[in-house]
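This report is written for a reader who has the sequence and the structure at hand. Please consult both while reading.

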Amino acid sequence: MAAAGAAATDLEVVRGKRAALFFAAVAIVLGLPLWWKTTETYRAPLPYSQIGGLNALQLRLMVPVTVVFTRESVPLDDQEKLPFTVVHEREIPLKYKMKIKCRFQKAYRRALDHEEEALSLGNVQEAEAMLAEPQEQAEGSLTVYVISEHSSLLPQDMMSYIGPKRTAVVRGIMHREAFNIIGRRIVQVAQAMSLTEDVLAAALADHLPEDKWSSDKRRPLKSSLGYEITFSLLNPDPRSHDVHWDIEGAVRHYVQPFLNALSVAGNFSVDSQILYYAMLGVNPRFDPASSSYYLDMHSLPHVINPVESRLGSSAASLYPVLNFLLYVPELAHSPLYIQDKDGVPVATNAFHSPRWGGIMVYNVDSKAYNGSELPVRVEVDMVRVMEVFLAQLRLLFGIAQPHLPPKCLLSGPKSEGLMTWELDQLLWARSVENLATATTTLTSLAQLLGKISNIVIKDDVASEVYKAVAAVQKAAEELASGHLASAFVASQEAVTSSERAFFDPSLLHLLYFPDDQKFAIYIPLFLPMAVPILLSLVKIFLETRKSWKKPEKID
Amino acid sequence: MAAALPLALVVLLLLGPGGPALAEPPRDSLREELVITPLPSGDVAATFQFRTRWDSELQREGVSHYRLFPKALGQLISKYSLRELHLSFTQGFWRTRYWGPPFLQAPSGAELWVWFQDTVTDVDKSWKELSNVLSGIFCASLNFIDSTNTVTPTASFKPLGVANDTDHYFLRYAVLPREVVCTENLTPWKKLLPCSSKAGLSVLLKADRLFHTSYHSQAVHIRPVCRNARCTSISWELRQTLSVVFDAFVTGQGKKDWSLFRMFSRTLTEPCPLASESRVYVDITNYSQDNETLEVNPPPTTTYQDVILGTRRTYAVYDLLDTALINNSRNLNLQLKWKKPPENGYIHYQPAQDRLQPHLLEMLIQLPANSVTKVSIQFERALLKWTEYTPDPNHGFYVSPSVLSALVPSLVAAKPVDWEGSPLFNTLFPVSDGSSYFVRLYTEPLLVNLPTPDFSMPYNVICLTCTVVAVCYGSFYNLLTRTFHIEEPSKGGLAKRLANLIRRARGVPPL
């Protein structure tokens, strides 16, 4: 009876143990994964390794240069070796994680007959006109003509010439090392026309560590798909001045040709407005010596803010806005001059603000007040105004003065005010900037996802990320093979996709769900369920240990 | 970040300047107008209208040059191919019963209705984008307009301007009744005016006065209008209207007098030099029948009579462009005075301030005999901050009783009382003569049931559910894991041992 009872009890104990273990097993095997799965934030898979790889991307910018030798440019035996190709590669030293290498691929060949004929003319401009006709050159490529040492095509003291399109002329030399010497000259000219360290440093200004000259480098607008240009005439005193400006004509004649030339770099829209009673934020000082008013340089930053609120910019588009303000000072503060940091009036009476636009002060001729009653009718001289605004526009787009090699002749500007190779330069810079921006955006997104576990990644966001990564890689390849136009398009695509992914509102959906509230909800359920399981597990563990120790005692 | 820059002018402008177009008539014009209407209830309504007309085909031209027309709205018209846009922000409700018919009423909150051009392919997308942009321009929550509150009326809301066809597919209408109108909506609205708020009638638009009113409605209406009588081409018209109703009666301690300075705390000093017409109209109709009970100062030079909203009205007209009007006194402060004060009576109202002071309404009224007078006050229930609820908030909140103090004529003439000699109960209130006696009555306190939130409902539900689950689970778990075995008789507890000790001492065999 007792034995049977003990056996039954043992059976019961074993069953209880098993039940407890089973509970624990179900909780761990089924419960925990179920809880994990149901409360997990959805994250589509992302190409983390490829994004990480973008940081170590090597950008190789290839500039295809065609070098054309005329008959008497190099010694005869050297001419025998043509055609052949020389590659000149060098690294651009920038404190940036991406390695940027610049590669000039020079294809040497002999001049064709019509080229010989053109280059034997007496005038560079005529020669150029004749050479330009047959074929259009691809974006980013250059053609350099090597002429004989004593050719009269260039003035005698000039060694080289840079044309308005994608051509340049270099004097040859009769020397044993002719190719080497000419090659160096060609690289100098080609650098001035395409990629220089300064251009790239300006393009990457936002991504480079701060240093002393970087504020100047941050002048150009950031790269964007399009730009809005607004010309505003500020008339703070309509009771005294009835100002008229022929902005339609000025835009048609001066601005539109320039923007047409730039149209590869983005979409442009131009509009203008007149704002009355729009004051500057600073009271000008009176200068008794010249009985005029002046704004000194340190007060200029305060000028813009009060005006800005009335400009009404970017209402209907997401593109950055460039503002050009023409300020006609009120009668009480006329004439008004802008002084530079040495206290000297600025010749143009204008200043610009990086990435924002420019302001020009237009003083009314004091003779106009004589004899006529107020308001005085003022006709604005648009040529004077547009000269300043177009120069500012060039600066704001980052088209700087080229660094010419010594003894180099620069051709006169084209009627649009922009040379074709300057446009190429802009495209190089913008492509590199776009790539850097896209890479930074993707890397920060990846970092952010690693840091904050509550961010949801939907499938469409993930597909944008994939698109951006592919576009970055494509742009890098196109740059390396010298196709500037398609590289620029791909880099724009990369920026657009990466920003769309980064700023997608669905990323923020679960972000504000604090941990303490989670625990407040979990504890009433988890604590009563976990405690019995844990207690019985501890009990089972203790009992098993005891039963292991017992046999040892018997020994 | 600005830098003075000695600009190197590298750009040579090779093309000659296009000859400046001289003697061209202005292609845009501005008219401004203020109508002041004393309302039957004693309040004063002021309606501003600013009309900018622009002779331009906004949609056709690639480059747009703006002068008086605001650029922000012009860009909207061309970008979203708008034909008409009507947007209004209103705080309060126009009480037609007391104030008479309005010139232009608008619903409380924000109202937006738009006719698109028939070239628009995806109207809903344009509508969505447009409402988002407008919400940015006017700092309002118009971005909450979506398909759930947008309708396409088919019979009402015909275009107000020139229209060839009216296919209702291109109309969208939405109202956001809970939109609160405030200074941040007025500021961008003022910025659209050519003279901003620096000159002309817009000087009077001072936010802290305009929002201290019983009714405030500001609107923007854009529509195409005929450029000439034969309507061969169209112009764009932008009307910015703002109507406010000042509670002149209450704030003026019962007097109906008003002046520009008292209403707007500003006076008119100069006309807007850009306006081709700038006028103030004062409605003097109601009073001229009543034989010179009021006077307007300065006296008007001209008057204007017409049938407006079904009644014949007379307006005093002040033209700001008339230099004599302002130059005489440096500024224009229109005043209206009643020669004979209205019926005696006294109303004092001190509005409440949230969490600082309660409302106080005092009225001195003479009641006719055998009449019922009812004083009712409307209030709205609001949610308090959650810390401000009293314990047991479902009980309600008390509103203190109202007090009625009256001198009631006595039925029987009493003889003058001797103050010291008469019983105490008769001398509490001093009475001047025996013909009336003084009574002060109190009404019941009012118990108002405020909406009370359930403060802890979500957490209670979670805790309750979890407890039920935990209890079920616990007993189930116990049942399954407990070991049941038969209790063997033990050697006994403490009581048994004690009993055995005593038995042993007594020499009796233990249990």
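## Basis of the model

This is a predicted model, in which local features need pLDDT of at least 70, side-chain atom pairs count only at pLDDT 80 or more, and totals for chains, interfaces and linings use all residues. Residues are numbered from 1 along each chain as its sequence is written, chains are lettered from A and ligands numbered from 1 in the order in which they are written, and side-chain values use heavy atoms, with hydrogens and water left out.

## Annotated transmembrane regions

In chain A, an unreviewed UniProt entry places the annotation "transmembrane region" on residues 19-36 and 519-542. In chain B, the annotation "transmembrane region", also from an unreviewed UniProt entry, covers residues 459-480. UniProt positions are given in the numbering used here, feature names are shortened, and such annotations may be inferred rather than shown by experiment.

The model can be set beside these records. Residues 19-36 of chain A are 100% helix and 0% strand, with end C-alpha atoms 24 Å apart. Residues 519-542 of chain A are likewise 100% helix and 0% strand, and their end C-alpha atoms are 31 Å apart. For residues 459-480 of chain B, the chain is 100% helix and 0% strand, with 31 Å between the end C-alpha atoms. Helices (H or I, at least four residues) and strands (E, at least two) are DSSP runs, numbered from the N terminus.

Two packed helices are described by the angle between their axes and the distance between the axes. Axes are lines fitted to C-alpha atoms, for helices over the stretch in contact, and angles run from 0 to 180 degrees between N-to-C directions. Angles under 35 degrees count as roughly parallel, over 145 as roughly antiparallel, 65 to 115 as roughly perpendicular and the rest as oblique. A crossing is left-handed if the near helix is turned anticlockwise from the far one by less than a right angle, and right-handed if clockwise.

The axes of helix H2 (residues 48-55) and helix H12 (residues 420-451) of chain A come within 9 Å and cross at roughly 135°. H2(A) and H12(A) are therefore oblique to each other, and H2(A) passes H12(A) in a left-handed crossing. Residues in this contact (heavy atoms within 4.5 Å) include A:Tyr48 and A:Ile51 of H2(A), and A:Leu442 and A:Ala446 of H12(A). By class, the contact of H2(A) with H12(A) has 6 nonpolar, 3 polar and no charged residues. Here Ala, Val, Leu, Ile, Met, Phe, Trp, Tyr, Cys and Pro count as nonpolar, Asp, Glu, Lys and Arg as charged, and the others, Gly among them, as polar.

Helix H13 (residues 459-480) of chain A and H14(A) have axes that come within 8 Å and cross at roughly 155°. That angle makes H13(A) roughly antiparallel to H14(A), and the crossing of H13(A) past H14(A) is left-handed. Among the residues in contact are A:Glu464, A:Ala468 and A:Lys474 of H13(A), and A:Ala494, A:Ser498 and A:Arg500 of H14(A). The contact of H13(A) with H14(A) has 12 nonpolar, 4 polar and 6 charged residues.

## Individual buried residues

A:Ser498 lies in helix H14 (residues 484-502) of chain A. At 1% relative accessibility, A:Ser498 counts as buried; buried means under 20% relative accessible area, exposed over 50%, and partly exposed in between (1.4 Å probe, protein chains only). Leaving aside neighbours within four places in sequence, A:Ser498 is in contact with A:Ala438, A:Thr441, A:Leu442 and A:Ala468.

A:Val388 is located in helix H11 (residues 382-396) of chain A. With 3% relative accessibility, A:Val388 counts as buried. The C-alpha atoms of A:Val388 and A:Thr348 are separated by 7.1 Å, although the two residues are 40 residues apart along the chain.

## Backbone features in loops

Most residues other than glycine have a negative phi, and most peptide bonds are trans. The peptide bond from A:Ser334 to A:Pro335 is cis, with omega near -10°, and A:Pro335 lies in the loop between strand E12 (321-327) and strand E13 (336-338) of chain A. The bond from B:Asn297 to B:Pro298 is also cis, with omega near -5°.

A:Arg355 has a positive phi, near 65°, and counts as partly exposed at 28% relative accessibility. B:Ser265 has a positive phi near 55°.

## Chain B as a whole

Chain B contains 11 helices and 22 strands. Of its 511 residues, 38% are buried.
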